[in-house]
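Got the viewer open and the sequence panel handy? Let's go for a short walk, one selection at a time.

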Amino acid sequence: MEGFGNLVSVDWLKANCNHAKLIILDATISKVGGTSSEANINQIPNARFFDIKNAFSDVKARFPNTIPSEVQFETEAQRLGINNDSYIVVYDALGIYSSPRAWWLLKTFGHNNVAVLDGGLPEWEAQGYKTEKTHNLDYKPGNFTTKYNPSNVVYFESLEAISKDPDFTIIDARSKDRFTSKVAEPRAGLRSGTIPNSINLPYEAILDGNKLKSKEDLQLIFSTILKENQHLVFSCGSGITASILSLAATIIGYNNSVYDGSWTEYGTLKSLKMNQPNTWSKDELLAYILIFIAHSDLDETKKEKEYILSRVNKDVYNRVHEKFEEDNDYQSIQNIIEAVKSHDYYRNDFADLFADIKLMAFADGEMDQMEKAAYNLLKKILKA
């Protein structure tokens, strides 16, 4: 079909919406974990609801939005009337948010004729094109057969090797504040942190309002943070917004995959392994360093503990403190060095880190000679 690619405009869709082989899919989910498009009053005419949260996820899996089995995907796709020769356009009611996840799933299970609607429903409505009330219909079963593409997906078991391989770069689509642990994760009970050696590119940075930025702008954004010929692995909270980056990277020619479990899986499975400093979150590292300084004079005061608890939550403090009590001074220094390397601190991060150390040390009114010595030792080691 002429003009059909990974991304199509609303004008293109309006001109081609009556094509016999074209299927329009509404892949809307809300940013706060909505399960369907039922809350949307309107849809693009003849759109079929692609239920990411239920029909196209393994709802029995431990983590949200887990990729379904080939059998499940094929069954649900056929139920929507999707054929092997269908041309599919996916959109969502937020512009570009969850539709790339549907695009990525379809590509992963072997349907290559799929495009995301640039700007989604908001852009369609902004151009004055007609909508209809949302409704669910039964469709003539399609003949789509899956052909799983393993290169599209990265699983937890591969992350450690990938994070150390210079031919790969892991890119996290979460906000900067979530990536740097300045704000808590929205999912209850999930710790903050990052995958070792990952870098941050918030998905909003590649959007221009409801639409994807131009190809030229995307090339500039990616080229400033990446080396040539790297394979990109995208992560986020639970695999939804990572797919937005995957769409952009595919459009400008980067080989890429999505880590399906994303931070929800990684942060959960790695959260209790304090014996591996390269897996510590920044909160865990900060707590360990502050506890190390506080104990340099063999006495962590009440005010010092209160300061540490103002910077990290109680669960982090408790598990880090337990680990610290197991270590001697040499082990503590080695742990700190290893954890700092895994987070690739830059100079401004060091400034923040040492400011925290001073504030904690002065919490009880003074920084004594032993604390000063430990402070200066850390500055010498970490800045070397």
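Start by selecting Asn256, which sits in strand E14, residues 256-259 (helices, H or I of at least four residues, and strands, E of at least two, are DSSP runs numbered from the N terminus). Residues are numbered from 1 along each chain as its sequence is written. What you have on screen is a predicted model, where local features need pLDDT of at least 70, side-chain atom pairs count only at pLDDT 80 or more, and totals for chains, interfaces and linings use all residues, while side-chain values use heavy atoms, with hydrogens and water left out.

Is Asn256 buried or exposed? Asn256 is buried, at 10% relative accessible area (buried is under 20%, exposed over 50%, partly exposed in between, with a 1.4 Å probe and protein chains only).

Now show the side chain of Asn256. One of its polar atoms lies 2.9 Å from the backbone oxygen of Tyr254.

Next, jump to Phe50. Along with Ile206 and Phe222, Phe50 touches the most other members of the largest nonpolar core, which has 52 residues (buried Ala, Val, Leu, Ile, Met, Phe, Trp, Tyr and Cys joined through side-chain atoms within 4.5 Å). Then color helix H8, which gives this core the most, six residues.

Last stop: select Tyr317, Phe324, Leu353 and Met367, which belong to a second, separate core of 34 residues.

Conventions:
Polar contact = N/O pair within 3.5 Å; in protein donor to acceptor, adjacent residues only side chain to side chain.
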